[in-house]
Amino acid sequence: MKNIAEKLTNEEYEKNFAELHPPLTQNSAATEANRCLYCYDSPCMKACPTHIDISSFIKKIATGNLLGSAKTIFKSNWVPLTCARACPVQVLCEGACVFVEKGEKPIEIGRLQRFAIESYFNSYKPQLFSKEKSNGKNVGIIGSGPSGLACAAELSLLGYDVTVYEANKIPGGLNTWGIAPYKLRQADSLKEVEFIKSFGVKFKTNTKVGEDISFNDLYKKHDAIFIGIGLGESTRLRIPGEDLTGVVDALDFIEDVKNEKWDKVSVGKRVAVIGAGNTSIDAVTEAKRLGAEQVYVIYRRGTDDMSAYDFEYELAKSDEVIFYFKTMPKKITGDNFVEGIECVKVKLGEKNEKGKRETKVIPNSEFILPVDMVIKAVGQNISNNFINDIYEIKIERGKVVVDEDTFQTGNKKIFAGGDCINGGKEVVNAAYDGKMAAHGIDKYLNSNKKSAIIR
Ligand code: SF4
């Protein structure tokens with residue numbers, strides 16, 4: 001990178017990366033919990049992909065039963081601290097709260113969930129769940145992100161010997177490495193990993209399947225396999241200049257920031273981020289917090305088409321980020337280092353069969369933005385992965401095809417969940433997939449068992 005933003009002081013970094021919503025205190029949590037109507041037919045619970053019994057955990061907070069509250073939450077979701085911090089609650093549970101219809105502020109479900117789980121993690125951490133006795137069967141889990149963790153926790157309690165294989169040196173996948181620190185710190189994700197480890201789950205880190213260990217070896221070793229590898233490679237822009245110094249993938253950039261050695265992360269003075277999804281906004285806000293003077297978002301469609309949530313868009317605007325909508329990158333300019341990005345304006349047409357609007361380039365509308373860094377955030381795919389070599393596994397439109405009830409792939413012994421089957425949704429969706437896949441695996445390996453789970 002040619003022009004690097006000036007380094008800030010440690011105090012400035014700490015201030016910039018401070019969390020946006022501080023935790024509730026004991027009193028404020030009790031007050032908020034007492035506002036809940038404990039609706040009989042809780043719409044908030046239906047809106048949560050993991051169907052946490054929200055009214056019940058809130059009532060337990062109101063009565064001071066914090067361990068009981070945490071247990072209620074864990075029963076449905078094994079990564080609830082991450083979800084409490086990173087879920088788009090405005091469009092899920094809180095968006096469905098009955099208070100919204102009345103025109104009033106919804107119950108702060110996300111912050112209450114955080115309060116209950118942090119209270120547990122800050123306690124002497126008594127075992128909340130009892131394990132079934134060993135059934136002598138073992139399961140290998142590839143990937144320690146939210147779906148892998150959820151699957152591992154559930155199977156371990158069902159009496160399976162579970163080993164998680166993780167390519168990275170620290171487990172947790174996206175929760176540990178891919179969520180902006182203003183939403184979730186790495187240390188919080190690792191609390192969930194440690195909790196699941198306490199059930200007896202083994203983690204083999206620095207172990208990339210297909211490189212450090214072959215998939216065939218795992219296949220022979222385990223009675224069943226769960227694949228929760230997320231989405232691997234970032235999609236290429238396929239424009240000239242993409243390989244210049246100063247062009248980086250958004251997830252690599254966020255991963256560097258997650259180390260919390262902020263003064264070691266280089267950021268340009270002027271940064272262009274390509275794409276307008278959640279990852280793009282995370283990259284944008286981090287670039288600003290690291291000291292970038294000007295950050296641009298370049299997105300080929302309009303505000304209505306963005307996959308970033310409204311609150312993320314508002315956050316970026318409050319950081320004085322400039323958005324170029326209906327604009328496509330055409331070329332990244334520079335000799336060895338990024339010096340600019342040539343863009344072109346587009347016209348939007350009708351929606352295609354995927355619900356995306358076609359774009360048509362407007363002739364002679366090119367312009368150049370002088371930038372020192374380009375961050376690519378245009379999605380990921382699962383190409384170049386060991387999955388492609390397993391011929392029974394079907395991949396359609398970049399997603400692994402599974403049975404929607406059991407999460408079983410075309411190979412009966414292999415199950416999958418999370419981003420690799422849904423193309424990239426929320427952490428909470430991955431947590432649900434992992435849990436349900438564990439029951440699919442239990443059904444496959446223990447077909448005579450009457451009831452899958454009793455706690
Ligand atoms: Fe409480 Fe709102 Fe859920 Fe009703 S919908 S149970 S008021 S959080």
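Figure 1. Cys 420 counts as buried, because its relative accessibility is 0% and buried means under 20% relative accessible area, with exposed meaning over 50% and partly exposed lying in between (1.4 Å probe, protein chains only). This is a predicted model, in which local features need pLDDT of at least 70 and side-chain atom pairs count only at pLDDT 80 or more, while totals for chains, interfaces and linings use all residues. Residues are numbered from 1 along each chain as its sequence is written, and side-chain values use heavy atoms, with hydrogens and water left out. In general, a disulfide is a covalent bond between the sulfur atoms of two cysteines. Here a disulfide is taken as a pair of cysteine sulfur atoms within 2.5 Å, and by this rule the count comes to 0 disulfides. Cys 83 is buried as well, with a relative accessible area of 3%, and the closest cysteine sulfur to its own, in Cys 87, is 4.3 Å away and therefore too far for a bond. Cys 420 is likewise in no disulfide, since the nearest cysteine sulfur, that of Cys 151, is 11 Å away.

Figure 2. Asp 372 is found in the loop between β13 (367-369) and β14 (373-376), where helices (H or I, at least four residues) and strands (E, at least two) are DSSP runs numbered from the N terminus. With 1% relative accessibility, Asp 372 counts as buried. Its side chain is joined to that of Asn 3 by a polar contact of 3.2 Å, a term for a pair of N or O atoms within 3.5 Å; within protein, one must be able to donate a hydrogen and the other to accept it, and residues adjacent in sequence count only if both atoms are side-chain atoms. A polar atom of the Asp 372 side chain also lies 2.8 Å from the backbone nitrogen of Arg 270. Not counting residues up to four places away in sequence, Asp 372 touches several residues, among them Met 1, Gly 246 and Val 338, contact meaning heavy atoms within 4.5 Å.

**Figure 3. Helix α4 and what covers it.** In helix α4 (residues 54-62), the buried residues are Ile 54, Ser 55, Ser 56, Phe 57, Ile 58 and Ile 61. The elements covering these buried residues include α2 (26-35), α3 (43-47), α5 (66-76), α7 (93-96) and α9. Just after α4, Gly 64 takes a positive phi of about 80 degrees.

**Figure 4. The largest cavity.** On a 1 Å grid over the protein atoms alone, a cavity is a set of points where a 1.4 Å probe fits but cannot get out, and lining residues have an atom within 4 Å of a point. The largest cavity holds about 130 Å³ of space, a volume being the space filled by probe spheres set on the grid points, which are joined across faces, edges and corners. Of the 15 residues that line the largest cavity, Cys 48, Cys 87, Val 89, Cys 93 and Gln 113 are the closest to its centre. Helix α9 gives the most to this lining, with 3 residues.

**Figure 5. The loop residue Glu 320.** Glu 320 lies in the loop between α16 and β9 (322-324), and it is exposed, with a relative accessible area of 59%. Glu 320 and Val 295 are 25 residues apart in sequence, yet their C-alpha atoms are 8.0 Å apart in space.

Technical notes:
On a 1 Å grid over the protein atoms alone, a cavity is a set of points where a 1.4 Å probe fits but cannot get out, and a pocket is an open set with protein on both sides within 12 Å along at least five of seven lines; lining residues have an atom within 4 Å of a point.
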